[in-house]
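Dear colleague,

Please find below the structure that I am handing over to you. My notes on what was found in it follow directly after.

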Amino acid sequence: MAESSSQQPQQPAASPSPPPPARAPQTPGPRASRLNQIFDQALARTLRANSYQNFASCFPTPARHVPASLEGVWRQLNAKLEANAKAEFEDIIDERDAVPHLNELDRLVSDAKARKEQATEHAGEQEHVVPHTLGAEELYKAHITPFLQEAQSTLNTRLEATNAENAELSQTVQAQRLEIEQLLSQLGLVVSDIEGAATAATQFSKEHHIRQDAVQMDREVKARRGL
């Protein structure tokens, strides 16, 4: 009995790896359906561009003598073109797994919209956070942030006051510069007047000296005549 029990096959151990994710459904979702619609519209426009009139204009002789046969060839050509285009499009869709990927994109966008709506609904609600559940850095920031905000507000106020004082000082300096320029202009006029007066005085002194010399010479001449 022991030997028969030892000879029983062992059950394989369960794999620790998680099961592979389920494949996205192959039924086209909104984006995949829109892709198919766009392809159908583009193919229809292409076929309409290859009308019988355009096709017949390339073969004027058969169009004149055997129009029915030429029209049959045109229909077969368009049918073959449409079938090949659709087959190639389907091959590309299957090769790229476009439908599952587009469906997954639809799911992600839908989930994102749902989360956004939930966040908007709970935007006004504040969660009560227990202090002891916070980390050291969060507690530090929570304590220091009010002081930093107050200090920043005080510095901003002082900075605005300093800027206002600087603006007033700048206006005062500009006014003083203008006043200095006016004083210098007046001083230049005064200097010019003084220089003119000095020149006139010098000329007058020279003329007075010449007159005195003439009077002295006249006196000497009269004195000699009296002798």
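Is Phe39 buried or exposed? Phe39 counts as buried, because its relative accessibility is 18%; buried means under 20% relative accessible area, exposed over 50%, and partly exposed in between, with a 1.4 Å probe and protein chains only.

Please note that this is a predicted model, in which local features need pLDDT of at least 70 and side-chain atom pairs count only at pLDDT 80 or more, while totals for chains, interfaces and linings use all residues. Residues are numbered from 1 along each chain as its sequence is written, and side-chain values use heavy atoms, with hydrogens and water left out.

Confidence

The average pLDDT (the predictor's confidence in each residue, from 0 to 100) of the protein chain is 79, and 76% of the residues score at least 70. Helices are DSSP runs of H or I with at least four residues, numbered from the N terminus. Residues 1-9 have a pLDDT below 50, and this stretch has zero contacts in the model beyond near neighbours in sequence; contact means heavy atoms within 4.5 Å. Over residues 11-18 the pLDDT also stays under 50, with zero contacts beyond four places in sequence.

Aromatic pairs

Rings of Phe, Tyr and Trp (its six-membered ring) pair if their centres lie within 6.5 Å; planes under 30 degrees apart count as stacked, over 60 as edge-to-face and the rest as tilted. By this rule there are three aromatic pairs. One of them is the stacked pair of Phe39 and Phe89, at 4.0 Å centre to centre and 5 degrees between the planes. This pair links distant parts of the chain, with Phe39 in helix 2 (residues 30-49) and Phe89 in helix 5, 50 residues apart. Phe89 counts as buried because its relative accessibility is 14%.

Tyr52 and Trp74 form an edge-to-face pair, because their ring centres are 5.7 Å apart and their planes are at 70 degrees. Here too distant parts of the chain are linked: Tyr52 lies in helix 3 (residues 52-58) and Trp74 in helix 5, 22 residues apart. Tyr52 counts as buried at 19% relative accessibility, and Trp74 counts as buried at 14%.

With kind regards

Definitions and conventions
Helices (H or I, at least four residues) and strands (E, at least two) are DSSP runs, numbered from the N terminus.
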